[in-house]
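Trainee: I should like to learn how to read a helix and a nonpolar core in a structure. Where should we begin?

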Amino acid sequence: MDDKMSERYDLAIVGSGPAGVTAAINAKIRNKKIIIFGYENLSNKLYLAPKINNYVGFYGISGKDLTEKFKEHLAEMDIQVTYERVDSIYAMGEYYALMVNDKTYEASSLILATGVSFGKPFKGESEFLGRGVGYCATCDAPLYKNKTVTIIGYNKESMEEANYVSELASKVYFIPMFKGDYDLNENIEIVNDRPVEIIGDNHVNKVILKNVELETDGVFILRDNISPDQLVPGLLVEDGHIKVNRDMETNLPGCYAAGDATGRPYQYLKSMGEGQVAALNSVSYLDRLSRQK
Amino acid sequence: MIKEVMDNTFNEEISSSDAPVVVDFWAPWCGPCKMLGPVIEELSNEYEGKVKFLKVNVDNNPVVSQMYRVSSIPTVMVFKNGSTADTMVGFRPKNSLKELIDKHI
Ligand SMILES: Cc1cc2nc3c(=O)[nH]c(=O)nc-3n(C[C@H](O)[C@H](O)[C@H](O)COP(=O)(O)OP(=O)(O)OC[C@H]3O[C@@H](n4cnc5c(N)ncnc54)[C@H](O)[C@@H]3O)c2cc1C
């Protein structure tokens, strides 16, 4: 086993954008054992900004240059970003379990700095969640043995899931939401149309597309972005944003959120300010926790 | 304590109980189910005597799983007087499960 897994971190930060990086720096200053998950570019929203005029002290800087400055700052403080995507996070009571592929990390406190993902749910999607609508085809496939399954796929990985499901289900429809070559088993029917609505009675029975209707027992929607309440089951989300108070606390004890993920305005300095507040409150939470022991 | 039930013992276990019955539908291949297991275990100890806890392995018990249309696991159902009173799909933190159960005591 990887040693990283056996130790419990004080704080796990999910997201390496301006909010996450600021949180990491402030928690590190307070001597907490942290882990921060994200990407090599830190944040594409930062990296790709042509010119930034509202970042105080850096008039006219490009996103690329600012990303470099962030990276230097992280390196200076000996913070390494863990380049992994967190798939799901479970509130276990005393700690959070973060799942990354088949690995598990543990942390006493959590800061969600995942940014915003665009894309609204389909009509009927939330209504039928758990009653025919799901987000993990491979997880629930055995429940659809000899049934009809429709997969709405946004990426290449969704094709692997479709192939797996097709070994168990009697019929699989695949609705691609991306362009490219499709690498699908022969018994999968590709439907090139735009999904509009999911309908049913007590349970899903149809997907309505622009031009056709598909009778189906289940629908799996496989997107790139995980919405915050899917990422952390039980997390309170309002209008697509994580609900926080002035201390950046969510409804789950020890779990904080910062940046675009908590709501408008979507700006660097707002995100960073929130990241800092979240980190400092997480530190107080951790200190309270250790005093109780 | 959580009792494991099967297709052929399910009805008896549900209908013979005066207390609310919490049923955890799970399977060994389901990651979130593994995380939920210990949480339910803790709850079953806390509610000892007040609520009955059962679990159903959906792999081995297709009849019950189909009958209650379990389409995603974990699914936690609360039964009262022999019929379903509440359903919760997916992993949930302990407090949310407590709220769910408390509604029915
Ligand atoms: C082109 C462009 C120009 C902009 N210009 C300006 C400007 O001039 N001034 C200004 O103030 N704002 C500007 N913005 C807005 C600004 O980019 C955002 O407000 C800011 O980046 C938000 O920071 P954040 O840390 O909350 O989220 P993000 O920057 O979105 O960072 C979140 C990071 O977390 C990662 N992540 C998400 N989920 C996971 C997971 N499960 N596991 C691991 N990592 C994950 C994401 O991939 C991403 O790297 C601009 C945005 C764009 C797109």
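Mentor: Please bear in mind that this is a predicted model. Let us begin with helix 2 of chain A, residues 18–29. The expected span is 1.5 Å times one less than the number of residues. With 12 residues, helix 2 of chain A should therefore span 16 Å, and its end C-alpha atoms are 17 Å apart, which agrees.

Trainee: How many residues of helix 2 of chain A are buried?

Mentor: Buried means under 20% relative accessible area. In helix 2 of chain A, 10 of the 12 residues are buried, so the helix is largely enclosed by the rest of the structure. Among them are Pro18(A), Gly20(A), Val21(A), Ile25(A) and Asn26(A).

Trainee: Which elements do the buried residues of this helix pack against?

Mentor: Their partners in chain A include strand 1 (8–14), helix 4 (63–76), strand 6 (103–112) and helix 8 (268–292). Just after helix 2 of chain A, Asn31(A) adopts a positive phi of about 70 degrees.

Trainee: Which residues have the most contacts inside the largest nonpolar core?

Mentor: That core has 36 residues, and those with the most contacts inside it are Ile151(A), Phe10(B), Val23(B), Phe25(B) and Ile73(B). Elements giving two or more residues to this core include strand 8 (148–153) and helix 6 (157–166) of chain A, together with helix 1 (7–15) and strand 2 (21–26) of chain B. Strand 2 of chain B supplies the largest share, four residues.

Trainee: What does Val23(B) touch?

Mentor: Leaving aside residues up to four places away in sequence, Val23(B) touches several residues, including Phe10(B), Leu54(B), Met77(B) and Phe79(B). A second, separate core of 31 residues includes Leu11(A), Ala19(A), Phe70(A) and Ile111(A).

How values were computed
Residues numbered from 1 in each chain as written. Chains lettered and ligands numbered in written order. Predicted model: local features only at pLDDT ≥ 70, side-chain atom pairs only at ≥ 80, totals over all residues. Heavy atoms only, no water. Core = buried A, V, L, I, M, F, W, Y, C linked by side-chain atoms within 4.5 Å. Buried < 20%, exposed > 50% of the residue type's maximum accessible area, 1.4 Å probe, protein only. Contact = heavy atoms within 4.5 Å.
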